[in-house]
Amino acid sequence: MKIDLAFTPYELEKKDPRGKAVVVIDALRATSTMIVAFENGCSGFIPVATVEEAIQLADLKKDPDLLLGGERRAMPIEGFHLGNSPRDYRPEKVRGKVVVMTTTNGTQALLAARKAAEVFIGAFLNISALSRRLGEGERDVIIACAGEKDLFCLEDTVCGGAIIDRLEKGGVPISKDDAAVAAKLLYEYYEGDIYGMLAGCAWGQYLEGVGLGKDVRICAQVDVSRLVPVYREGKIFLDR
Ligand code: MLT
């Protein structure tokens, strides 16, 4: 299995995801929030690029089980039911619901992955289950970091390195590109203190500064979920 890592959605497009399995990671916070939502009974997500698109889709469908969720500058969007904090996605709020979601980086990375043969949702919360699922497959893999406005971010890269670490420890023979080699080394440096890395990275400090530090601790939980959501035909859902 060949594993490449894309630091940003722009790099993902350059690496041509067609025919490959892509893992989309936005550790702070979109993919972590999605996994928490699925653990709480959420039925699915529809990622869209803009606030306007989200509102139009919800208006069009006029479905009481369709909620609007997401953020801009980490804050909930006016008129939306949910922000992008995992704490918003409580069972009583999301059980049986589908969330039309737009975030600054996470949903953009998902949209950039649409040409891939398979797309999985990854975060620290599900790295082992995700690695097992990847190991079952035959496809080459691209780990797609959401990044921050198409620039490198530490947290997504360390999470990508964790997935590579689990695959190698699981005995899957893999070859890595330079970015994947770097990500694995970064993970080996931080693996003993994932929370410290998340709290210390640029976006973790920003979240703390706007009163969302509790989200960082939730997103730092390693292997608390066995769920591996997939993104297929415009929707994110559990296929198992
Ligand atoms: C993103 O998509 O950029 C992040 O999830 C932003 C956030 O922390 O809500």
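Phe-152 is partly exposed, with a relative accessible area of 43%; here, buried means under 20% relative accessible area, exposed over 50%, and partly exposed in between (1.4 Å probe, protein chains only). The model is predicted, so local features need pLDDT of at least 70 and side-chain atom pairs count only at pLDDT 80 or more, while totals for chains, interfaces and linings use all residues. Residues are numbered from 1 along each chain as its sequence is written, and side-chain values use heavy atoms, with hydrogens and water left out.

The structure holds five aromatic pairs. Rings of Phe, Tyr and Trp (its six-membered ring) pair if their centres lie within 6.5 Å; planes under 30 degrees apart count as stacked, over 60 as edge-to-face and the rest as tilted. Phe-152 forms an edge-to-face pair with Phe-7, at 5.3 Å centre to centre and 65 degrees between the planes. Phe-7 lies in the loop between β1 (2–6) and α1 (9–14), and Phe-152 in the loop between β8 and α7, so this pair ties together parts that are 145 residues apart in sequence. Helices (H or I, at least four residues) and strands (E, at least two) are DSSP runs, numbered from the N terminus.

Another pair joins Phe-45 and Tyr-89: their ring centres are 6.1 Å apart and their planes are at 35 degrees, so the pair is tilted. Because Phe-45 lies in strand β3 (residues 44–47) and Tyr-89 in the loop between β5 (75–76) and α4 (91–94), this pair ties together parts 44 residues apart in sequence.

The interior comes next. In soluble globular proteins, nonpolar side chains tend to be buried together. A nonpolar core is a set of buried Ala, Val, Leu, Ile, Met, Phe, Trp, Tyr and Cys residues joined through side-chain atoms within 4.5 Å. The largest such core has 42 residues, of which Phe-124, Leu-134, Ile-163 and Leu-198 touch the most other members. Helix α7 (residues 154–169) gives the most to this core, with seven residues. A second, separate core of 32 residues includes Leu-82, Val-99, Leu-110 and Ala-144.

Helix α6 (residues 127–136) is mostly covered, as seven of its ten residues are buried. Among them are Ile-127, Leu-130 and Leu-134. The cover over the buried residues of α6 includes β2 (21–25), β7 (118–122), β8 (141–145), α7 and β10 (230–232). Leaving aside its neighbours within four places in sequence, Ile-163 is in contact (heavy atoms within 4.5 Å) with residues including Ile-127, Leu-130 and Leu-134.
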